[in-house]
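Here is a short report on charged side chains and how they pair. Look through the structure below, then read on.

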Amino acid sequence: MSRWGLTLPLPNLPLRQHAELVRGAEAAGYTDLWSGETQGPDGFTPLALCATWTERVRLGTGVVGVFTRGPALLAQQAAALSDASNGRFVLGIGASSDRIVEGWNQMPFAKPLTKISQTLEFLRAALSGERTSTGFKLERAPAEPVPIVLAALRGKMLRLAVERADGAFTNFLPLAALPKVAEQLDGAPQGFELLCRFFCLPGERQQVEPLARFMFASYVTVPVYEAFFRWLGYGDRIDEMAAAWKAKDREAAVAAAPWELIEDTFIFGTPEEMRERLEAFVAGGITLPILTPITTPDKLGEMIEALAPAE
């Protein structure tokens, strides 16, 4: 069985109500819990709670930004979670997006590849217990090595991950485009991981289409994701949608979202159909699918159980 992950926090559920579902996911065979960080809780707090609720699952930030936190603070938070989880922690870092960094946090967003590279160098030294070039040294280094995974969508960041990290974290990836991403990982070291988050919407097209169209249009019009889809070769298919979104015509953008790409990116259908789709991504090179179940809070437990990995 491949590794099988779940996104935290679960949609529309207060953190204080996660314990039972998290324990249930571990019992059902999920191997990983990876936090997101957008407009909800930060990437570290849910994992700190899960460190006390679980015994075996790996806990990872998927991902936290390097522009909105200083490198010393990132090292401190990683060391703390590694300690709290008894070495089960993986640090996922990324550049995030200009919308989050500049728009929401009022911080400059420039040269993301350089920023990631510098932060990675700092973290490798700090988490090994060394004094960094800035003079920072952790009071106590983690007892176990902390793997570092890079959020990487396109060529240069994927190559940086191969050369200097333990894995790459991709997102919003159409199945047909997986080979282009996978080929960037040629020469990756033994044990290198390719993680991907998947939005899982139960139901057939008529049930999921309105939400899926809006999610796709709002995601792929973020500049870093628009650039990603153009790099993948889908520029002509998203041109109309992107132009409408920039003109602030949300209704037209949603209507122009290309259904064939939505269908190739999201996970729809019955639990059996969703697992079959996820296994196709695994067969194509994803070593860890991270599932985001999109449903109402009262049905989360049922959906988590239904999508649990096969024995």
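## A buried arginine

Arg88 sits in the loop between helix H3 (71–84) and strand E5 (89–94). Helices (H or I, at least four residues) and strands (E, at least two) are DSSP runs, numbered from the N terminus. Arg88 is buried but has no salt bridge. Buried means under 20% relative accessible area, exposed means over 50%, and partly exposed lies in between (1.4 Å probe, protein chains only). A salt bridge is a side-chain nitrogen of Lys or Arg within 4 Å of a carboxyl oxygen of Asp or Glu.

Which side chain of opposite charge is nearest to Arg88? That is Glu26, 4.7 Å away. A polar atom of the Arg88 side chain also lies 2.8 Å from the backbone oxygen of Val57.

## About the model

This is a predicted model: local features need pLDDT of at least 70, side-chain atom pairs count only at pLDDT 80 or more, and totals for chains, interfaces and linings use all residues. Residues are numbered from 1 along each chain as its sequence is written, and side-chain values use heavy atoms, leaving out hydrogens and water.

## Bridges across the sequence

Side chains of opposite charge can pair when their charged atoms come close. How many salt bridges does the structure hold? There are 13.

One of them joins Arg140 to Asp83, with the closest N and O atoms 3.0 Å apart. Arg140 lies in the loop between helix H5 (112–127) and strand E6 (148–151), and Asp83 lies in helix H3, so the pair ties together parts that are 57 residues apart in sequence. Both Arg140 and Asp83 are exposed.

Arg124 and Asp166 also meet in a salt bridge, at 3.1 Å from N to O. This pair links distant parts of the chain, 42 residues apart: Arg124 is in helix H5, and Asp166 is in the loop between helix H6 (155–164) and strand E7 (167–171). Arg124 counts as partly exposed because its relative accessibility is 29%. Asp166 is partly exposed too, with a relative accessible area of 29%.

Arg230 forms a salt bridge with Glu226, and the closest N and O atoms are 3.1 Å apart. Both residues lie in helix H9 (residues 223–231), 4 residues apart, which is about one turn of the helix. Glu226 counts as buried because its relative accessibility is 9%.

Elsewhere, salt bridges that share partners join Arg3, Asp32, Arg58 and Glu193 into one network.

Methods:
Lys, Arg positive; Asp, Glu negative; His and termini not counted. Polar contact = N/O pair within 3.5 Å; in protein donor to acceptor, adjacent residues only side chain to side chain.
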